[in-house]
Amino acid sequence: MQYVKLGSSGLRVSRICLGMMSYGSPRSRDWILREDAAEPIVRRAVESGVTFFDTADMYSEGASEEITGRLLAKLFARRDDYILATKVYFPTGPGPNDRGLSRKHILAAIDDSLTRLGTDHVDLYQIHRWDPETPIEETMEALHDVVRAGKARYIGASSMYAWQFAKAQHIARTAGWTAFVSMQNHYNLVYREEEREMLPLCVDQGVGVIPWSPLARGLLTGSRRRDGRRDTVRSGSDPLAGSMYEDADFDVVDVVRAVADERGLPAAQIALAWLLGRPGVSAPIVGASKAGHLDDAIAAVDVALSEEETARLETPYRPHQIIGHS
């Protein structure tokens, strides 16, 4: 495993982040694993050198945080041996204040997350989306207070427009509050709209990029076909995949498969190797419901693509509408 700083912060993370959304309650999604099935995969990640783990308060209605906390406490000797990230924004209850980025919700949500995680702090506390109903000044001051209280070491953001992210950073720095050190955005070989504004902003400002859906919900691994076939449980029960990606994206998938065949490697390793080589990218967030998913992600860290291979992979790209901000 390789380790890098998260942007220009002093925090060092493994180049692969294990996304813990895959573990929780199958009641929420068919492909989610219970704790006993998740433990061997998480153990394998730990033994392979993965130290970065990402979850959220709304995954499986909090069950993901509970499982994450128990497994990491069991598999690591010390709390300081791993980097724990979670997120706040989406509804966690029926009340009008059980969502969003108000001061009230953020201060309640961090305490609830810490209880479920079984720890006194998270290393990275992230806003899951932009909240148009709350002044960003209120949000940034509340996040600063979370850090000052010792409940989070750093803060990060997730999918939004570059102007929104720049505004939040400017407000925080002008007021002397804690600024974001990371951006968790939607970025992969078939969705590269982040290259227009967000990625250049992050590179310029020293913000670490930790992309979600690095394999396009399995599209880049070949789990879905042009004829509509779905080869995995997740691809067959994922209503978002069909709306997020288009038929033209299979042209990219075909090139990924061709390069993978030439290398004698799985397509997932090629797609992840491309992402790991992009400017500003610290650690893709990889979900793993099978040990092989994790093995491919870890192996991708050591795959170096040539300039010719990179150009081939990028050439078929077609622009997309902005997706993933809501």
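Strand 5 (residues 83–88) is mostly covered, with six of its six residues buried, buried here meaning under 20% relative accessible area, exposed over 50%, and partly exposed in between (1.4 Å probe, protein chains only). Helices (H or I, at least four residues) and strands (E, at least two) are DSSP runs, numbered from the N terminus. On one side of strand 5 sit Ile83, Ala85 and Lys87, on the other Leu84, Thr86 and Val88, and all are buried. This is a predicted model, where local features need pLDDT of at least 70 and side-chain atom pairs count only at pLDDT 80 or more, while totals for chains, interfaces and linings use all residues. Residues are numbered from 1 along each chain as its sequence is written, and side-chain values use heavy atoms, with hydrogens and water left out.

Strand 4 and strand 5 pair in the parallel sense over three bridges, and Asp54 has Ala85 in strand 5 as its bridge partner. Three bridges also join strand 3 (residues 17–19) to strand 4 (residues 52–54), again in the parallel sense, and here Leu18 stands opposite Phe53. Further along, strand 6 (residues 122–127) and strand 7 run parallel and are joined by five bridges, with Leu124 partnered by Tyr154 in strand 7. Strand 7 (residues 152–158) has five of its seven residues buried, so it is largely enclosed by the rest of the structure.

Next comes the packing. A nonpolar core is a set of buried Ala, Val, Leu, Ile, Met, Phe, Trp, Tyr and Cys residues joined through side-chain atoms within 4.5 Å. The largest such core has 94 residues, and those with the most contacts inside it are Leu18, Tyr23, Val42, Phe53, Tyr125 and Leu220. Helix 10 (residues 267–276) supplies the largest share of this core, nine residues. Not counting residues up to four places away in sequence, Phe53 touches residues including Leu18, Val42, Phe76, Ile83 and Ala85, a contact being heavy atoms within 4.5 Å. Asn185 sits in the loop between strand 8 (180–184) and helix 6 (198–205). At 0% relative accessibility, Asn185 counts as buried.

As for charged pairs, a salt bridge is a side-chain nitrogen of Lys or Arg within 4 Å of a carboxyl oxygen of Asp or Glu, and by this rule the count comes to 18. In one of them, Asp145 pairs with Arg103, the closest N and O atoms being 2.8 Å apart. This pair links distant parts of the chain, with Asp145 in helix 4 (residues 136–148) and Arg103 in helix 3 (residues 103–117), 42 residues apart. Arg263 and Glu309 also form a salt bridge, with closest N and O atoms 2.9 Å apart. Arg263 lies in helix 9 (residues 249–263) and Glu309 in helix 12, so the pair ties together parts that are 46 residues apart in sequence. Glu309 is buried, at 8% relative accessible area, whereas Arg263 is partly exposed at 32%. Glu193 and Arg196 meet in another salt bridge (2.6 Å, N to O). Arg192, Glu195, Arg278 and Glu314 are linked in a network of salt bridges.

Technical notes:
Two strands pair if DSSP finds at least two bridges between them.
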